[in-house]
Amino acid sequence: MKKKLLLFTLMICLSAGIIHAQIRKVPSEVTDALKAKYPTAEKVEWKDKLAFFEASFVLNGSEMTADFSNSGEWQETDKKMTYDQPPAVVRDGLKKSKYNDWTPGSVTQIDKNDKSIRYRIYVEKSSLVQKKFLIFNSEGQLEKEAQTI
């Protein structure tokens with residue numbers, strides 16, 4: 001019994017050490033990169049995603065997230081918006097797609113480091129029975145559809 005208790009205690013301690021080891025301090029290169037790209041960002045909160053760092057913040061009243069590599073290279077920024085905010089060509093793209101009878105919800109503008117812009121639109125049909133995320137390019141063309149979780 002004592003051996004089982006000792007083994008259990010040891011496993012708990014090792015697990016705590018492993019979990020603690022995964023929580024890294026955000027490198028100064030990463031925080032400096034955010035300050036350089038978005039100098040007026042407010043309410044900044046960081047998440048360690050292991051392969052990159054994600055900053056959640058508010059900029060000019062908009063909720064945003066930005067991803068940075070471990071070395072501080074900016075990868076992409078997501079900006080939450082309402083359905084009436086993306087360009088008309090994107091809204092027209094939804095109207096011309098096979099999802100034109102679905103109800104649009106939240107929209108996220110995704111700015112990539114290759115200078116491309118995408119729009120992720122949440123749509124639903126039949127009282128939340130069917131839900132999807134649709135990805136449109138800046139010309140209003142549907143590029144991808146994904147099930148929501």
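Two strands pair if DSSP finds at least two bridges between them. Helices (H or I, at least four residues) and strands (E, at least two) are DSSP runs, numbered from the N terminus. This is a predicted model: local features need pLDDT of at least 70, side-chain atom pairs count only at pLDDT 80 or more, and totals for chains, interfaces and linings use all residues. Residues are numbered from 1 along each chain as its sequence is written, and side-chain values use heavy atoms, with hydrogens and water left out.

**Confidence**
- pLDDT is the predictor's confidence in each residue, from 0 to 100.
- The protein averages 87, and 83% of the residues score at least 70.
- Over residues 4–22, pLDDT stays under 50. For that stretch the model has two contacts (heavy atoms within 4.5 Å) beyond four places in sequence.

- Eight strands form an open sheet with antiparallel pairing, in the order 1-2-3-4-5-6-7-8.
- Strand 1 (42–48) and strand 8 (142–147) stand at the edges. Each has a single partner strand, so one side of each lacks a neighbour in the sheet.
- On average, neighbouring strands are turned by 20° against each other, direction ignored. Axes here are lines fitted to C-alpha atoms, for helices over the stretch in contact, and angles run from 0 to 180 degrees between N-to-C directions.
- Helix 3 (residues 88–96) packs on the sheet and touches strand 5, strand 6 (117–125) and strand 7 (130–137). The direction of helix 3 makes about 135° with that of strand 7.

- Strand 3 (residues 62–69) and strand 4 (residues 74–81) run antiparallel, joined by five bridges.
- Met 64 has Lys 79 as its bridge partner in strand 4, and Phe 68 has Trp 74.
- The hairpin of strand 3 and strand 4 has four residues between the strands, and Gly 72 there takes a positive phi near 100°.
- Six bridges join strand 4 to strand 5 (residues 103–112), also antiparallel. Met 81 has Val 107 as its bridge partner in strand 5.
- Thr 108 is found in strand 5. Thr 108 is buried (under 20% relative accessible area; exposed is over 50%, partly exposed in between; 1.4 Å probe, protein chains only), at 10%.

**Cores**
- A nonpolar core is a set of buried Ala, Val, Leu, Ile, Met, Phe, Trp, Tyr and Cys residues joined through side-chain atoms within 4.5 Å.
- The largest has 14 residues, including Leu 34, Tyr 38 and Phe 57. Its largest share, four residues, comes from strand 2.
- Apart from it lies another core of eleven residues, among them Met 81 and Trp 102.
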